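Please look at the sequence and the model, then read the points below.

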Amino acid sequence: MRIFLLSLIIGLACCVQAQIVNDKIKRQYPTQYYFETSRSTVFRTLQENTAFLSIPLGERANEIPLNLWSQQMGVCLGLSKHTLIDAGLAWMQNGEAYSWKSTDTDSSFAYQTRYRYLALPVQFKFAFGEKISFSAGAGLIPALYQSYRQDQQWTNALGAKYDEQIKVNNGMNSFTLSWISSAQIELPMNPTLRLRLGVYYRQQLNNSYDPYQDYIHQSVAWGLNFGFAKKI
């Protein structure tokens, strides 16, 4: 799988180089590099892994969404006046949170879980407009698992505060695949620099955990992205 992802990156680089060399193609099919950051509300679907064990969700059924940042750099390769391929390299975060407080004492417990990935989002988009342009599209996000972090905070019955950070989870799937849909507007700042603003939704297609864990976990996220693009 890593060989496939590396080949995809090399192939995209070759496409970019080919368009730079050919001025006629560059004029007819505009191409641009970009960097953007995303503010996402992330959550998950969670169900018992009945193929292995049937363990009730317990308190995990009460988890709540978490707001996280992700970043992406990439290139938009023009295919025609109104179609393009948007492909990039992303540092992507998924996760969920939990919060509980006792009604009788000062006891409480909370955590925020983050799953971090190196991803290669690829979307096919339709675009319209010249000075101010609009685009919408859909695609896939193959991703390689990088790290896990869970920040825990709790208080005892007397209100004393404690915290802990867990960075090891040996039950993670090393590869995930998600689908994504997005809409975006681009505003000109000068003849070559443009401001990118957009919204998106993505949903994971396979399990975040390995096949022998208690649950089937699939991340979902929706949010806003903003950044800058430079025409070439």
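What volume does the largest cavity have? The largest cavity has a volume of about 230 Å³, a cavity being a set of points on a 1 Å grid over the protein atoms alone where a 1.4 Å probe fits but cannot get out. The model is predicted: local features need pLDDT of at least 70, side-chain atom pairs count only at pLDDT 80 or more, and totals for chains, interfaces and linings use all residues. Residues are numbered from 1 along each chain as its sequence is written, and side-chain values use heavy atoms, with hydrogens and water left out.

**Overall fold**
- The protein chain has 2 helices and 10 strands, where helices (H or I, at least four residues) and strands (E, at least two) are DSSP runs numbered from the N terminus.
- From the N terminus on, the elements run α-α-β-β-β-β-β-β-β-β-β-β.
- Of the 232 residues of the protein chain, 42% count as buried, that is, under 20% relative accessible area with a 1.4 Å probe and protein chains only.

- The lining of the largest cavity consists of 22 residues, and Glu 36, Ser 38, Gln 72, Ile 180 and Asn 225 are the closest to its centre; lining residues have an atom within 4 Å of a point.
- Strand E1 (32-48), E2, E3, E5, E8 and E9 each supply at least two residues of this lining.

- About 540 Å³ of space lies in the largest pocket, a pocket being an open set with protein on both sides within 12 Å along at least five of seven lines.
- Of the 25 residues that line the largest pocket, Pro 30, Lys 81, Ala 127, Gly 129 and Ser 133 are the closest to its centre.
- Among the elements giving two or more residues to this lining are strand E2 (66-78) and strand E6 (133-155).

**Nonpolar core**
- The largest nonpolar core has 14 residues, and Met 92, Tyr 115, Tyr 117 and Ala 119 have the most contacts inside it; such a core is a set of buried Ala, Val, Leu, Ile, Met, Phe, Trp, Tyr and Cys residues joined through side-chain atoms within 4.5 Å.
- E3, strand E4 (108-119) and E6 each supply at least two residues of this core.

**A buried serine**
- Ser 40 is found in strand E1 and is buried, with a relative accessible area of 2%.
- Beyond its neighbours within four places in sequence, Ser 40 is in contact (heavy atoms within 4.5 Å) with residues including Leu 66, Tyr 200 and Trp 222.

Note on methods. Grid points are joined across faces, edges and corners, and a volume is the space filled by probe spheres set on the points. Buried means under 20% relative accessible area, exposed over 50%, partly exposed in between (1.4 Å probe, protein chains only).
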